[in-house]
Amino acid sequence: LSRGLGDVYKRQVVARASEQARRLGHGFIGGEHLLYGLASADGEVGAVLREQGVTPERVEAEFVRLIGPENTAGGSLFDALDRDALTTIGIDLDTVRERIEAAFGPAALAPDAPARRWRRSRPGGVTGDIPLTRRAKKCLEGSLREARADPGGQLGAEHIALALLAMDNGVPHRILSVIGASAPSLGAEIRDRYRQAS
């Protein structure tokens with residue numbers, strides 16, 4: 001696989017994740033958006049996912065079913081399970097929202113509120129108007145580690161996929177579970193395809 005093509009696929013994944021987040025009215029890019037971007041990408045990663053039933057349509061349908069369109073799950077980045085888990089350890093999301101709005105103004109968390117920009121310091125990095133969730137940032141950081149461990153060293157879609165599939169739990173894993181796909185099996189297949197291609 002040529003280095004230039006890997007870079008095209010990487011940019012395609014992030015661009016499609018961002019487009020999906022905007023189209024659904026989400027004020028964030030999460031791992032679930034990255035999974036959508038991977039499933040809709042050209043190249044081996046997209047092919048492996050689609051062969052296992054992880055199509056862009058299925059990912060989006062399950063994501064909307066779990067979280068809702070336009071971020072309707074409580075109007076926040078948190079779904080009902082996250083809200084319950086945080087409540088059990090003493091974190092009241094309504095109080096957090098009130099404090100954020102007191103500090104930054106009413107509707108500071110609304111999807112159409114001015115978003116902070118996220119930039120990677122490397123040339124050609126991703127710049128966007130929608131912030132990444134903590135888990136999406138962790139995934140992209142993991143993809144850099146995957147790329148460094150690869151003899152080619154060039155960050156590609158396969159590294160994003162491997163990092164996302166290696167993460168525990170989260171919405172992407174719940175989506176894969178509903179679809180009937182195994183993250184470890186998908187990761188192994190992606191590694192095998194890229195070994196054969198190089």
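From the N terminus on, the elements of the chain follow the order α-α-α-α-α-α-β-β-α-α-α-α, which amounts to 10 helices and two strands. Helices here are DSSP runs of H or I with at least four residues, strands are runs of E with at least two, and both are numbered from the N terminus. The model is a predicted one, in which local features need pLDDT of at least 70 and side-chain atom pairs count only at pLDDT 80 or more, while totals for chains, interfaces and linings use all residues. Residues are numbered from 1 along each chain as its sequence is written, and side-chain values use heavy atoms, with hydrogens and water left out.

Of the 198 residues of the chain, 44% count as buried; buried means under 20% relative accessible area, exposed over 50%, and partly exposed in between (1.4 Å probe, protein chains only). The accessible surface comes to about 10600 Å², with 52% of it belonging to carbon and sulfur atoms. Accessible areas come from the Shrake-Rupley method with a 1.4 Å probe, and for residues only the protein chains shown count as cover. Among contacts (heavy atoms within 4.5 Å) between residues at least 6 apart in sequence, 59% join residues at least 24 apart.

Just after α9, Gly-180 adopts a positive phi of about 95°.

Gln-20 sits in helix α1 (residues 3-23) and counts as buried because its relative accessibility is 1%. Not counting residues up to four places away in sequence, Gln-20 touches Glu-32, His-33, Tyr-36, Glu-60 and Phe-63. Asp-42, in the loop between α2 and α3 (43-51), has a relative accessible area of 40% and is therefore partly exposed. Leaving aside neighbours within four places in sequence, Asp-42 is in contact with Tyr-9, Gln-12 and Arg-16.

Turning to charged side chains, the structure holds seven salt bridges, each defined as a side-chain nitrogen of Lys or Arg within 4 Å of a carboxyl oxygen of Asp or Glu. One of them pairs Glu-51 with Arg-193, the closest N and O atoms being 2.4 Å apart. This pair links distant parts of the chain, with Glu-51 in helix α3 and Arg-193 in helix α10, 142 residues apart. Arg-193 is buried, at a relative accessible area of 17%.

Glu-62 and Arg-65 form another salt bridge, with the closest N and O atoms 2.8 Å apart. Both lie in helix α4, three residues apart, about one turn of the helix. Glu-62 counts as buried at 12% relative accessibility, whereas Arg-65 counts as exposed at 53%.

Glu-146 and Arg-191 also meet in a salt bridge (3.3 Å, N to O). Here too distant parts of the chain are linked: Glu-146 belongs to helix α7 and Arg-191 to helix α10, 45 residues apart. Glu-146 is buried, with a relative accessible area of 19%, and Arg-191 is partly exposed, at 35%. Salt bridges that share partners join Glu-44, Glu-51, Glu-189 and Arg-193 into one network.
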